[in-house]
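I opened the notebook today to look at how neighbouring chains meet in this model. Here is what I looked up, entry by entry.

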Protein chains: 4
Amino acid sequence: MAEGLNRIPPYEWPEGYRAAVVFSADVDVESPYQWANRGKTPQRLGELEQRRFSPRRGLARLVDLLAQFGARGSFYVPGAVMEAYPWIVPGLRAEGHEVGLHGVYHEAMQTLDNARFDEVMDRSLEIYAAQGGRMPVGFRSPSWELAPHQVARLKRPEIAYDSSLMGMDHPYRLDGLTEIPVYWPIDDAIFFRYFGGGRDTSPPTSPAALLEAWLWEFDAVTAMGGLFMITVHPWMSGRASRIEMLRQLFTHISTQDDVWWTTAAEVASWHNSRHRDGPFDMLLDPVRTDF
Amino acid sequence: MAEGLNRIPPYEWPEGYRAAVVFSADVDVESPYQWANRGKTPQRLGELEQRRFSPRRGLARLVDLLAQFGARGSFYVPGAVMEAYPWIVPGLRAEGHEVGLHGVYHEAMQTLDNARFDEVMDRSLEIYAAQGGRMPVGFRSPSWELAPHQVARLKRPEIAYDSSLMGMDHPYRLDGLTEIPVYWPIDDAIFFRYFGGGRDTSPPTSPAALLEAWLWEFDAVTAMGGLFMITVHPWMSGRASRIEMLRQLFTHISTQDDVWWTTAAEVASWHNSRHRDGPFDMLLDPVRTDF
Amino acid sequence: MAEGLNRIPPYEWPEGYRAAVVFSADVDVESPYQWANRGKTPQRLGELEQRRFSPRRGLARLVDLLAQFGARGSFYVPGAVMEAYPWIVPGLRAEGHEVGLHGVYHEAMQTLDNARFDEVMDRSLEIYAAQGGRMPVGFRSPSWELAPHQVARLKRPEIAYDSSLMGMDHPYRLDGLTEIPVYWPIDDAIFFRYFGGGRDTSPPTSPAALLEAWLWEFDAVTAMGGLFMITVHPWMSGRASRIEMLRQLFTHISTQDDVWWTTAAEVASWHNSRHRDGPFDMLLDPVRTDF
Amino acid sequence: MAEGLNRIPPYEWPEGYRAAVVFSADVDVESPYQWANRGKTPQRLGELEQRRFSPRRGLARLVDLLAQFGARGSFYVPGAVMEAYPWIVPGLRAEGHEVGLHGVYHEAMQTLDNARFDEVMDRSLEIYAAQGGRMPVGFRSPSWELAPHQVARLKRPEIAYDSSLMGMDHPYRLDGLTEIPVYWPIDDAIFFRYFGGGRDTSPPTSPAALLEAWLWEFDAVTAMGGLFMITVHPWMSGRASRIEMLRQLFTHISTQDDVWWTTAAEVASWHNSRHRDGPFDMLLDPVRTDF
């Protein structure tokens with residue numbers, strides 16, 4: 001293979017591991033519904049009840065499934081959800097899982113100015129702190145969107161990593177912010193979300209079809225030494241046949257002893273200690289649009 | 001498995017049954033077309049003729065298919081359809097099926113104020129009563145949408161249950177209203193509806209692919225002790241290859257002797273007698289949006 | 001099986017046949033592009049060149065495929081296409097196929113008033129007549145849409161049948177107009193059309209997946225004694241792997257000796273001679289929308 | 001097979017080859033984001049980081065995959081990308097690949113007037129020339145769209161071919177412009193692109209499903225003597241499981257010794273020397289829209 005074309009070396013994982021897998025869940029419950037209806041009186045009980053399947057059944061099923069595989073996950077919880085369901089964060093921590101920040105009302109972060117963005121970060125940290133326990137180290141932006149200038153605002157001492165972008169398929173740093181990347185094709189929401197009323201225009205993907213796609217991606221990205229970071233939402237993937245899909249996926253993952261099944265926080269800790277400077281540091285070059 | 005995380009006990013079914021299955025059909029015929037075109041002169045014969053496949057062929061085929069399996073279903077019929085096709089309700093009752101309310105003109109209930117909502121409920125009961133026979137006990141909201149304040153209006157003596165929401169995957173109560181839940185991924189319309197003219201943007205799912213997804217869901221939700229409530233529309237699922245899909249699904253269901261194949265009314269009756277108070281009672285907590 | 005529920009008897013076919021199959025093609029070429037851009041100067045060569053694949057390659061491939069199976073089809077050609085490609089209608093007739101009317105510029109018929117509708121019908125008949133040969137007996141509305149009042153205008157002596165609606169899955173009469181029905185799930189366009197520029201939002205279906213769905217529908221609708229009327233567009237289904245899909249479909253169809261593979265004109269002729277009055281006569285009941 | 005119906009003879013390839021295959025890649029990186037946000041300050045880091053996966057990982061993976069099969073591809077690079085990543089064009093050329101023009105900022109060409117269109121062509125040639133090496137011979141319009149009058153502007157001495165349209169499934173000439181055609185169903189973007197925020201409404205296709213469709217198309221179009229021209233985008237198809245999909249596709253292609261695996265430039269060179277005049281010359285007939 002010739003040189004050139006900016007070939008970046010493969011990512012290195014802790015000794016003995018060829019790749020890594022993180023199970024993450026965005027525990028949004030009704031917070032996106034609150035954000036979308038802010039200043040209004042929401043009228044759609046259909047969406048609200050769908051979302052509340054999460055604290056009633058979905059979340060516990062996912063946690064129990066992880067327990068069956070002896071695995072820990074990374075759960076991102078908006079502040080409003082922590083307050084409305086005060087047993088969620090302590091309950092997740094009691095079972096050994098990581099809990100990270102996810103805004104207060106599942107805000108569309110890229111629409112906020114700096115003052116408001118900082119306020120949301122501060123408030124979600126406050127709510128978290130009020131529920132005791134170890135402080136969070138990770139942040140995930142709702143809807144996986146950030147304005148470019150918000151990268152700088154995320155570099156605060158409390159935050160060891162962001163997990164909202166997908167510029168590489170393994171950990172990297174973006175202008176000094178550690179990124180534990182997500183990836184749309186292994187997010188459940190874009191395949192499973194269906195609200196009715198014309199808001200979603202393609203029907204939910206079958207679990208069998210999605211399982212095949214996720215197994216392909218797991219095998220391929222781990223063969224390349226990358227990170228397989230799936231993201232689920234308990235109100236969708238806590239449903240019966242999606243739990244079965246995940247059970248089959250986890251069964252396959254668990255046969256790969258040399259793949260590190262861990263939390264985003266531990267991946268970030270590894271990256272920050274081992275790879276803080278080097279070939280995985282990316283710049284947020286400005287984009288010229290003045291033409 | 002640790003305590004915490006609000007683990008609700010599994011749902012209990014009548015002795016000997018581990019789960020339940022309900023076949024439901026929304027017999028809309030042209031009523032959604034009437035609602036969408038209210039106050040106007042509708043111009044699309046394409047949609048109208050598609051919808052009229054239901055009373056011409058689709059409904060009888062579904063009823064005959066159920067008969068082959070010795071099964072009874074729950075059919076929700078708008079008042080305007082009862083009047084336009086006065087043989088439908090008596091015909092369904094004569095074959096042992098449940099008939100429930102479904103508005104008059106397939107109204108988008110969440111857009112109605114209280115007076116209008118009550119009027120629609122009263123009028124559909126009147127039309128039903130005029131066709132004789134046992135009074136209905138169930139209501140299903142068109143488009144599976146309700147405004148939160150309408151839960152209270154549904155708690156009237158005639159109505160034993162609502163079947164429009166999906167906050168759990170087994171019967172529950174929402175602020176005192178018994179809910180026999182539906183679920184989008186086992187509704188035929190979101191997979192099969194195609195009207196042309198740019199209204200639908202993804203093509204119909206193949207029956208073979210949907211059969212696989214529904215078998216996954218049936219196996220998974222009954223393994224968890226839940227309710228498998230499919231919903232079909234005769235103008236869509238009464239078509240030839242969808243009847244074949246249902247025949248194969250029913251063949252599988254019928255091999256599961258310990259799954260209770262019944263009507264929504266009987267499930268509601270069980271729930272109301274056995275589970276009126278307890279762990280399946282959910283609150284309709286208000287949602288804060290004043291920020 | 002109990003009486004009631006408006007059970008219409010099965011459709012009867014000519015002796016020896018249990019069902020029928022018609023291959024139909026809408027030879028639109030650029031006429032929908034002309035209609036959409038009427039009064040404007042069209043700017044999208046991408047769409048235009050896609051559409052012109054039909055006269056360059058697609059149409060001949062479909063005709064040759066039919067010849068391999070000794071089958072004749074029904075081709076609906078807008079007047080503007082007859083004029084722009086004056087070899088199409090004579091060429092199709094020379095190979096034994098039916099040619100039917102399809103507007104002049106692929107007009108959205110339901111948007112036309114009576115005078116304009118009649119004008120389009122007259123003009124397309126004139127163009128057809130000028131190309132000699134046997135006169136057409138069939139009409140298919142572009143986009144499969146008609147205004148209800150246009151049913152009456154179609155009852156003119158030249159027209160033996162319409163093929164635009166889908167109120168039954170075998171021939172029927174609607175207010176006295178013979179209908180040889182189409183069906184969206186066996187139309188190629190809703191699965192294969194992709195123009196780019198944001199107009200189509202779901203990608204083309206794979207031929208293998210669509211073949212499976214069409215085989216299910218063929219087997220199911222012929223088992224019920226119905227009509228399997230597929231519709232293709234040469235610029236889409238004349239493409240390589242769709243031709244292969246059709247070849248496999250035709251191979252299966254050709255094994256069913258007791259299914260009548262014929263043209264829409266012959267099906268209409270059968271219906272008009274055998275079933276002019278009876279259980280397959282449907283009324284175009286007015287739809288109440290004044291509430 | 002009867003005469004008539006404008007049957008054009010099969011395309012002839014260089015001796016010994018029955019068909020051809022071209023791997024092409026549109027190396028857009030952030031240029032479409034720049035075009036969409038021109039005159040504005042772009043706010044979506046989510047899209048930008050997704051796109052930058054291309055120069056970080058995707059492009060090198062695709063080039064390495066081609067190297068494993070000893071194959072060369074055709075890469076179309078906007079001028080802004082050549083400037084922002086000045087190692088791309090020299091790097092591709094060093095590995096033997098063709099590089100072609102693709103605008104400066106991935107302009108929607110059909111929206112430009114003649115002066116601006118010429119300016120974009122000139123500017124992209126200048127940028128290219130400044131990076132040394134052999135001059136480009138091919139042009140591909142961003143988004144595969146051109147205004148009809150732009151065909152004439154593309155007939156400039158530097159340009160041996162255009163590759164933006166799909167009027168045939170083998171090389172042809174359109175009003176004297178050599179066209180090496182593309183084809184939406186073998187473009188990766190319409191199956192894989194997913195940006196979030198409501199811009200894409202159907203989720204990404206699984207690589208396994210797309211592989212099956214592409215194998216069908218490869219087998220069918222090469223059996224008919226056509227050109228199989230796939231197009232990929234490194235930020236999408238450079239992802240792990242899509243690389244695996246391409247690896248399986250290439251494995252199949254490489255078993256077909258009598259299919260010419262080459263670049264678009266060489267196909268154009270063949271066409272221009274052998275087929276400059278003849279049955280594959282198509283006219284850009286004006287389209288009547290004044291009615």
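**Entry 1: buried area, chain A and chain B.** I began with the area and got about 4,200 Å² buried between chain A and chain B. Carbon and sulfur atoms account for 59% of that area. I keep in mind that this is a predicted model. On the chain A side, I found that Leu45(A), Arg56(A) and Arg57(A) lose the most area to chain B, and together they make up 16% of what that side buries.

**Entry 2: residues in contact.** How many residues does each chain bring to this contact? I noted 53 residues from chain A and 51 residues from chain B.

**Entry 3: charged and polar pairs.** I looked for salt bridges across the interface of chain A and chain B and got five. I also looked up the pair Arg61(A) and Asp169(B), whose side chains form a salt bridge at 3.0 Å, N to O. For polar contacts, my list across the interface of chain A and chain B holds 22 residue pairs, both residues at pLDDT 80 or more.

**Entry 4: which helices take part.** I then sorted the side of chain A that touches chain B by helix. Helix 1 (31-36), helix 2 (45-68), helix 4 (88-94), helix 8 (207-223) and helix 10 (240-253) of chain A each give at least two residues to that side. Which helix supplies the largest share? I found helix 2 of chain A there, with 16 residues. By class, I wrote down 24 nonpolar, 13 polar and 16 charged residues for the side of chain A that touches chain B.

**Entry 5: on to chain D and chain A.** Here I found 52 residues of chain D in contact with 51 residues of chain A. The buried area is about 4,200 Å², and carbon and sulfur atoms give 60% of it. In chain D, the residues losing the most area to chain A are Leu45(D), Arg56(D) and Arg57(D), together 16% of what that side buries.

**Entry 6: pairs between chain D and chain A.** I got five salt bridges between chain D and chain A. I looked up Glu145(A) and Arg44(D), whose side chains meet in a salt bridge at 3.1 Å, N to O. The polar contacts between chain D and chain A come to 22 residue pairs, both residues at pLDDT 80 or more.

**Entry 7: helices of chain D.** Several helices of chain D each supply at least two residues of the side that touches chain A, among them helix 8 (207-223) and helix 10 (240-253). Helix 2 of chain D brings the largest share of that side, 16 residues.

Terms used. Residues are numbered from 1 along each chain as its sequence is written. Chains are lettered from A and ligands numbered from 1 in the order in which they are written. This is a predicted model: local features need pLDDT of at least 70, side-chain atom pairs count only at pLDDT 80 or more; totals for chains, interfaces and linings use all residues. Side-chain values use heavy atoms; hydrogens and water are left out. Contact means heavy atoms within 4.5 Å. Buried area is the accessible area (1.4 Å probe) that two parts lose on being put together, summed over both. A salt bridge is a side-chain nitrogen of Lys or Arg within 4 Å of a carboxyl oxygen of Asp or Glu. A polar contact is a pair of N or O atoms within 3.5 Å; within protein, one must be able to donate a hydrogen and the other to accept it, and residues adjacent in sequence count only if both atoms are side-chain atoms. Helices (H or I, at least four residues) and strands (E, at least two) are DSSP runs, numbered from the N terminus. Ala, Val, Leu, Ile, Met, Phe, Trp, Tyr, Cys and Pro count as nonpolar, Asp, Glu, Lys and Arg as charged, and the others, Gly among them, as polar.
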